[in-house]
Amino acid sequence: MKLLASLNSNRSVSLSSFSSSSSSLVSVLSTVLDAGHARPASPSSGSSGAREHLLSLIKSCAHESHLRQIHARILRTRSLEEPIISLRFLSRAAFSPAGHVTYAARFFSQIRKPSLAEFNTMIRAYSRSDSPEEGLYLYREMRRLGERTDPLTSSFCIKSCTKMESLTGGRQIHGRIVRDGHQSDNLLLTALMDFYSVCYKGEEACAVFDEMPERDTVAWNVLISCYLRNRRTRDVLAVFDAMIGGECGCQPDDVTCLHVLQACTSLNVLEFGGKVHEYIEERGYGDAVKLRNSLITMYSRCGSMDKAFMVFKGMRVKNVVSWSALISGLAMNGKGREAIEAYLAMLRANVVPDDQTFTGVLSACSHSGLVDEGMLFFEGMSKDFKRTPNVHHYGCMVDLLGRAGLLDQAYELIMSMSSKPDSMIWRTLLGACRIHRHVALGERVLWHLTELKAQEAGDYVLLLNIYSSVGDWEKVTEVRKFMKETGIQTTPGCTTITLNGIVHEFTVDDVLHLRQNEIYTMLDEIGSQLKIAGYVPEISSELHNLSYEEKGYRLSYHSEKLAIAFGVLATPPGTTIRLANNLRICVDCHNFAKVLSSVYDRMVIIRDRSRLHHFQGGHCSCNDYW
């Protein structure tokens with residue numbers, strides 16, 4: 001009977017946080033190896049010189065054939081019974097390019113009485129392989145034989161459970177850790193934290209963190225990773241502030257900075273991202289390519305392409321990720337032509353594009369309406385670079401054709417795909433049907449989504465948009481009734497604005513903000529000024545069958561408008577107002593922001609679900625094409 005019958009392996013897992021501590025584990029393991037856990041050396045093992053020669057051969061082994069020759073020599077000279085030789089060979093067989101975990105297991109089975117270090121080596125090898133469950137079975141066998149275990153044994157078992165996302169298995173190992181008295185080992189507790197984080201058990205991960213006797217930077221990094229994974233993004237910024245302020249007893253490292261930049265990107269907090277950038281430069285991490293690439297992404301996603309380009313330009317080494325980040329940033333900020341120029345410059349620099357590069361280029365063509373250019377790049381992927389388009393590339397092409405009104409061509413492209421189109425492809429086409437009020441095709445696309453059992457609340461909202469745009473209120477009522485009866489809940493619009501390090505969140509008709517009375521007074525004043533300047537509410541953005549006045553009133557208090565009013569109220573004249581919205585900006589809020597940017601002489605930057613809009617002087621960077 002297997003010990004862990006309920007092991008799950010439904011999803012692939014990233015162990016970046018734990019692997020950052022792997023070097024420490026390796027050094028500890030090396031100490032253990034050298035210390036021995038030794039079996040008595042066989043008297044027939046040979047001279048000290050012969051042993052050193054064999055160890056040298058093991059260390060320099062680079063091919064599987066050499067590994068097998070050394071294996072034969074070990075058996076012939078009875079060196080298998082010499083712990084230092086068997087252990088070094090087992091490690092080489094398990095972890096070097098010349099070896100393989102299956103071969104290592106075969107060698108391990110020949111050791112008459114494996115030491116703790118050899119058991120640990122095999123469990124670690126399994127935890128890094130495609131069969132991590134075998135490490136748990138070996139651990140069970142150790143327990144059955146009464147073999148001693150140590151914190152390293154448990155840490156490798158936890159890593160296996162993390163890879164499989166086996167919550168039951170990990171909790172069983174956790175129980176063993178407590179019973180064995182190993183709960184004061186920091187490396188082990190760090191691995192346990194990462195395990196609970198990967199399994200989306202944030203509270204349990206934090207509980208382990210609280211129990212740690214000492215916390216180093218690696219432990220804080222795992223906590224930050226846990227916050228990111230569990231969408232506690234604001235807590236990441238608080239931890240970074242505490243670390244640089246000396247409250248945590250350790251300083252952020254390059255991994256910390258990568259995580260925090262990811263949080264800044266998610267929250268759209270440009271000012272905090274700039275603070276992280278300054279810290280990176282002060283600590284001498286500035287030449288790290290991964291950090292530079294993350295800075296490009298952060299500045300791009302926060303709408304500051306000038307700073308993103310400065311980071312890119314200052315890089316001594318630019319890899320394909322650097323170029324792709326720049327191209328994608330230009331695309332989402334409405335600079336389609338510049339994105340294409342960057343792509344061509346990349347080719348001139350002899351950097352070979354990858355899938356992400358083409359996603360960025362095709363997205364640039366889509367956002368800027370460059371249909372002919374997009375078709376050429378799409379065809380050139382397979383023709384010139386031998387890359388098969390994936391679902392993201394097809395999605396970009398459907399978006400490109402759909403936005404341009406070529407809906408039938410977009411539908412034909414989907415039907416021509418060699419693989420089955422996913423829900424995102426159909427959802428992209430449904431969005432195009434909304435733009436161009438194509439009722440029949442919109443209904444057909446929703447049928448495809450239903451067939452995939454992938455329909456979401458947003459899909460029905462898009463269909464409501466299509467029906468309301470052509471005045472078919474009977475079908476609007478039918479869809480609303482169906483959504484109510486089936487319990488389909490729509491995602492409420494939410495807009496955030498960050499001022500002085502504080503993230504302010506608004507929803508439609510929001511009454512929770514501490515300054516709500518001032519905000520609504522300011523919004524009414526702004527509305528009066530904009531109407532004088534020619535702003536007229538776009539009532540097509542309201543999906544209920546109401547009078548013109550009622551529709552205008554409902555549109556007045558969208559989350560974007562409340563956030564803009566707060567930005568005008570709380571910042572000096574001329575300050576750029578930066579917002580992030582979880583949904584696609586509606587036409588009315590788009591028009592509102594355009595007119596406000598002229599009347600109040602403000603730059604307004606709004607990041608919605610798919611791109612950034614830069615409003616200035618009564619114009620938007622998207623040229624009303626989004």
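Which residues line the largest cavity? The lining consists of Phe 506, Asp 510, Val 511, His 513, Gln 516, Ile 519, Tyr 520 and Leu 562. This is a predicted model, in which local features need pLDDT of at least 70 and side-chain atom pairs count only at pLDDT 80 or more, while totals for chains, interfaces and linings use all residues. Residues are numbered from 1 along each chain as its sequence is written, and side-chain values use heavy atoms, with hydrogens and water left out.

**Cavity**

- A cavity is a set of points on a 1 Å grid over the protein atoms alone where a 1.4 Å probe fits but cannot get out, and lining residues have an atom within 4 Å of a point.
- By class, the lining has five nonpolar, two polar and one charged residues.

- Six strands form an open sheet in the order 2-1-3-4-5-6, with mixed pairing.
- Strand 2 (502–507) and strand 6 stand at the edges with a single partner strand each, so one side of each has no neighbour in the sheet.
- Strands (E, at least two residues) and helices (H or I, at least four) are DSSP runs numbered from the N terminus, and two strands pair if DSSP finds at least two bridges between them.
- Strand 1 (residues 494–499) and strand 3 (residues 577–581) run antiparallel and are joined by two bridges; Thr 495 stands opposite Asn 581 in strand 3.
- Val 604 has Phe 615 of strand 5 as its bridge partner.
- Strand 5 (residues 612–616) is mostly covered, with four of its five residues buried (under 20% relative accessible area; exposed is over 50%, partly exposed in between, with a 1.4 Å probe and protein chains only).
- Strand 5 is also joined by two bridges to strand 6 (residues 619–620), again antiparallel, and Gln 616 stands opposite His 619 in strand 6.
- In the hairpin of strand 5 and strand 6, which has two residues between the strands, Gly 617 takes a positive phi near 60°.

**Aromatic pairs**

- The structure holds 18 aromatic pairs, meaning rings of Phe, Tyr and Trp (its six-membered ring) with centres within 6.5 Å; planes under 30 degrees apart count as stacked, over 60 as edge-to-face and the rest as tilted.
- Phe 108 and Phe 119 form an edge-to-face pair, because their ring centres are 5.3 Å apart and their planes stand at 70°.
- Phe 108 is in helix 6 (residues 101–109) and Phe 119 in helix 7 (residues 116–127), so the pair ties together parts 11 residues apart in sequence.
- Phe 108 counts as buried at 11% relative accessibility, and Phe 119 counts as buried at 3%.
- Tyr 535 and Phe 592 are also edge-to-face, because their ring centres lie 5.7 Å apart with planes at 85°.
- This pair links distant parts of the chain, 57 residues apart: Tyr 535 is in the loop between helix 29 (516–532) and helix 30 (548–555), and Phe 592 is in helix 32 (residues 587–599).
- Tyr 535 is buried at 8% relative accessibility, and Phe 592 is buried at 3%.
- Ring pairs link Tyr 343, Phe 358, Phe 377 and Phe 385 into a cluster.

Definitions and conventions: On a 1 Å grid over the protein atoms alone, a cavity is a set of points where a 1.4 Å probe fits but cannot get out, and a pocket is an open set with protein on both sides within 12 Å along at least five of seven lines; lining residues have an atom within 4 Å of a point. Ala, Val, Leu, Ile, Met, Phe, Trp, Tyr, Cys and Pro count as nonpolar, Asp, Glu, Lys and Arg as charged, and the others, Gly among them, as polar.
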